[in-house]
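Open the model in your viewer and have the selection tool ready. The tour makes a few stops, and each one says what to select and what is there.

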Amino acid sequence: MSDSSESALFPIRPNHVAIIMDGNGRWGTKKGIGRLEGHRRGVSRVKTVVEGCIQLKIPYLTLFAFSSENWNRPRQEVEWLMRLLSNSLDKEVQELHENEVQLNFIGEIRALSPTIQEKIDKAVQTTSNNTALVLTIAVNYGGRWDLTQCCRRIARFVQNEKLSVDEISPDLISQQLITGSLPEPDLFIRTGGEKRLSNFLLWQLAYTELYFCDIQWPDFDQEEFLTALQTYAKRIRRFGGIVTDS
Ligand code: IPE
Ligand code: IPE
Ligand code: MG
């Protein structure tokens, strides 16, 4: 499908899509190939949504890759997930760069291995001037961590007399969250059937349209993505107000 026909199909598109890519483990187990292989297949689905966003000119995509709570998994699985991240940074960054994708990472990155941190820094630097899509990967991210680091930053401003207590506002909090440079998500997608936020963007999702589907992430293809976007296009967003017919 050409860019223009895609745009015509989706006159109402989200500006920012945030996705919890869930269900890899169950998918792998059900297929008899194991959880770890499920994760590997899941990584290849990232391309599907990245390409979809570029085609449809959706400028922001945020993907939850590893939560602050995912350290609670068996060591072997955590190591595998870190290896997948590291290999993806080796293999995929060049192509993303050629497709004008700007990479961004949110989460407590300094808790990751120095090698991964270096690869992340390099990927961010290499792609920093790209404008087709801002692809944010949440790694070791938790909404509560984000709000905590935000509170600490603001408290330091007050302590250093750079800010008065009365100047603390919702806008300031939004700016001081790790997502400060991103618009709030318009559409949240969670695959895998669970209906919860699992400590994803807690503040940022306040007025986001939520879309949950039973499809496991490795099966989330272009068609499933378009279905989510079609559902979004039919939603009426009121932001607490009322919508009149005119
Ligand atoms: C999501 O898939 C990927 C990560 C959390 C890293 P899961 O691993 O949570 O898959 P299920 O939910 O156990 O099937
Ligand atoms: C959320 O999925 C985190 C990611 C997809 C990275 P989980 O599978 O960790 O969430 P819970 O444990 O079902 O809430
Ligand atoms: Mg899960």
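The model on the screen is predicted.

**Stop 1: the largest pocket**

Start with the residues nearest the centre of the largest pocket: select Met21, Asn24, Val43, Phe64 and Ala65. They are part of a lining of 50 residues, and the pocket has a volume of about 1,300 Å³.

Next, colour the elements that give two or more residues to this lining: α2 (24–30), α3 (35–56), β2 (60–67), α4 (75–98), β3 (101–106) and β4 (133–141). Which element gives the most to the lining? It is α4, with 14 residues.

Now colour the lining by residue class.

**Stop 2: ligand 1**

Select ligand 1 and the 13 residues that surround it. The closest are Asp22, Gly25, Arg26, His39 and Arg73.

At Gly23, a polar backbone atom is 3.4 Å from an oxygen atom of the ligand. At Gly25, a backbone N or O atom lies 3.0 Å from an oxygen atom of ligand 1. At Arg26, the distance from a polar backbone atom to a ligand oxygen is 2.7 Å.

**Stop 3: ligand 2**

Move to ligand 2. Its surroundings are Ile20, Met21, Asp22, Phe64, Ala65, Phe66, Asn70, Arg73, Arg190, Arg196 and Ser198.

Asn70 has a polar side-chain atom 2.9 Å from an oxygen atom of ligand 2. For Arg190, a polar side-chain atom lies 3.3 Å from a ligand oxygen. In Ser198, a side-chain N or O atom is 2.6 Å from an oxygen atom of ligand 2.

**Stop 4: Trp203**

Finally, select Trp203, in the loop between β5 (187–190) and β6 (209–212). Why is Trp203 called partly exposed? Its relative accessible area is 29%, and the term covers values between 20% and 50%.

Leaving out residues up to four places away in sequence, Trp203 touches Leu147, Pro170, Ile173, Ser174, Leu177 and Glu184. With one of these, Ser174, Trp203 also makes a side-chain polar contact of 3.0 Å.

How values were computed: Residues are numbered from 1 along each chain as its sequence is written. Chains are lettered from A and ligands numbered from 1 in the order in which they are written. This is a predicted model: local features need pLDDT of at least 70, side-chain atom pairs count only at pLDDT 80 or more; totals for chains, interfaces and linings use all residues. Side-chain values use heavy atoms; hydrogens and water are left out. On a 1 Å grid over the protein atoms alone, a cavity is a set of points where a 1.4 Å probe fits but cannot get out, and a pocket is an open set with protein on both sides within 12 Å along at least five of seven lines; lining residues have an atom within 4 Å of a point. Grid points are joined across faces, edges and corners, and a volume is the space filled by probe spheres set on the points. Helices (H or I, at least four residues) and strands (E, at least two) are DSSP runs, numbered from the N terminus. Buried means under 20% relative accessible area, exposed over 50%, partly exposed in between (1.4 Å probe, protein chains only). Contact means heavy atoms within 4.5 Å. A polar contact is a pair of N or O atoms within 3.5 Å; within protein, one must be able to donate a hydrogen and the other to accept it, and residues adjacent in sequence count only if both atoms are side-chain atoms. A residue is near a molecule or strand if one of its heavy atoms lies within 4 Å of it.
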